[in-house]
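Keep the sequence and the 3D view open while you read.

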Amino acid sequence: MALTLNGSNNTIAGVAVGGLPDGIVDTDMLAAEAVTKTKQAPGSVVQVAIHTDHGEDSGNETSWTQTGRIDLSFANSVTSGNKVLLTLHVGIGEAYDSSWAQHGLLTIYCATQGNIGDSSLGICGGWVSGNTSAGSDMQYGYQRMSGSLLYTPTTTTPRYYLYRKRIDTAFVMVVGSAKHTHANYNSGNTTLVAMEITA
Amino acid sequence: MTYRNWKVRDALELLLVDKEYSLRDSETKDEADFYSKFWYKTGVNESGETVSTNDPNVHKVLWSDVLVKIKEVEAKEYQHDRKRSYPDMGVQLDYIYHNGIEKWKTDIVDPIKAKYPKS
């Protein structure tokens, strides 16, 4: 294609890829927000959302149960085909009192897609460890844990919630605090971070 | 009167053995507040999600019964205070080795028992 200078609309057509010298197009020459989501390289972060909650939830259900502690959405719609990276940071307390250890699991539910994590194991889990194994002191303990997940949403407007469950028998687990705080020692800081990543 | 939810949780454990439930937030103020924060599991839906209700006409868990159990929990609160106050077991054994059982009782155990008497 021949190079064409059009004086009536001030355009140049036919410039080949690499046809401009290095450095001729700098940042100032780009219009503000000219690099849209669809023009970003794969693996680029398009947008980030975060929800931190300082409240407390507890229960002993052995099925996935809404904690009511996290409700997170993106400010803008997710581009179809892009991925979302979810990272959960949460602290749990345990109710064991001179009993065998039990396991607590956490996952993220999407309002339209259901459980995003593993159907059985969620995205993280564990129990409060201590120097007296599964003794009565467990009820004063508090264990911080985290998990991450990369997936492709089936909706452009995902909305995320935190769910928990017990894996075996029904002992109460606490989200956001030790079980037996015995005072105002709520630890809070239950946090979910969501990042939209270009595919 | 406002109750810390660790007390309400302990009361529910006494009241609802082998039942499954949630208790939201860190405090419970009164009957109405309890019925807004207490959710009783009634089943599981097709996606494995807990189905529960906070309607007292369905779950039949009465705040008055919870209050009775809270009183039982509070009557044993001294046990938690004592447990949290005793030194590490190794420290106590070392004290016994160097000072004997009687000094261990008078110097370590008795002051804590006196500070947190049985209610």
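## Terms and ground rules

Buried means under 20% relative accessible area, exposed means over 50%, and partly exposed lies in between (1.4 Å probe, protein chains only). By that scale B:Thr2 is partly exposed, because its relative accessible area is 41%.

This is a predicted model: local features need pLDDT of at least 70, side-chain atom pairs count only at pLDDT 80 or more, and totals for chains, interfaces and linings use all residues. Residues are numbered from 1 along each chain as its sequence is written, chains are lettered from A and ligands numbered from 1 in the order in which they are written, and side-chain values use heavy atoms, with hydrogens and water left out.

## Around B:Thr2

Find B:Thr2 in the segment before β1 (3–4) of chain B. Strands are DSSP runs of E with at least two residues, helices are runs of H or I with at least four, and both are numbered from the N terminus.

Which residues does B:Thr2 touch, not counting residues up to four places away in sequence? They are B:Glu27, B:Thr28 and B:Lys29, where contact means heavy atoms within 4.5 Å. B:Thr2 and B:Asp33 are 31 residues apart in sequence, and their C-alpha atoms are 9.9 Å apart in space.

Side chains of opposite charge can pair when their charged atoms come close. A salt bridge is a side-chain nitrogen of Lys or Arg within 4 Å of a carboxyl oxygen of Asp or Glu. The count over all chains is 18.

Start with A:Asp57 and A:Arg164, whose side chains form a salt bridge at 2.6 Å, N to O. A:Asp57 is in strand β4 (residues 57–59) and A:Arg164 is in strand β11 (residues 159–166), 107 residues apart. A:Asp57 counts as buried because its relative accessibility is 0%. A:Arg164 counts as buried at 1%.

A:Arg164 also forms a salt bridge with A:Glu61, with the closest N and O atoms 2.9 Å apart. A:Glu61 lies in the loop between β4 and β5 (65–73), so this pair ties together parts 103 residues apart in sequence. A:Glu61 is buried too, at 0% relative accessibility.

In chain B, the side chains of B:Lys7 and B:Glu77 meet in a salt bridge at 3.5 Å, N to O. B:Lys7 is in helix α1 (residues 5–15) and B:Glu77 is in helix α5 (residues 77–85), 70 residues apart. Are these two residues buried or partly exposed? B:Lys7 is buried at 13% relative accessibility, whereas B:Glu77 is partly exposed at 22%.

Salt bridges that share partners also build one network from A:Asp53, A:Arg69, B:Asp25, B:Asp33 and B:Lys37.
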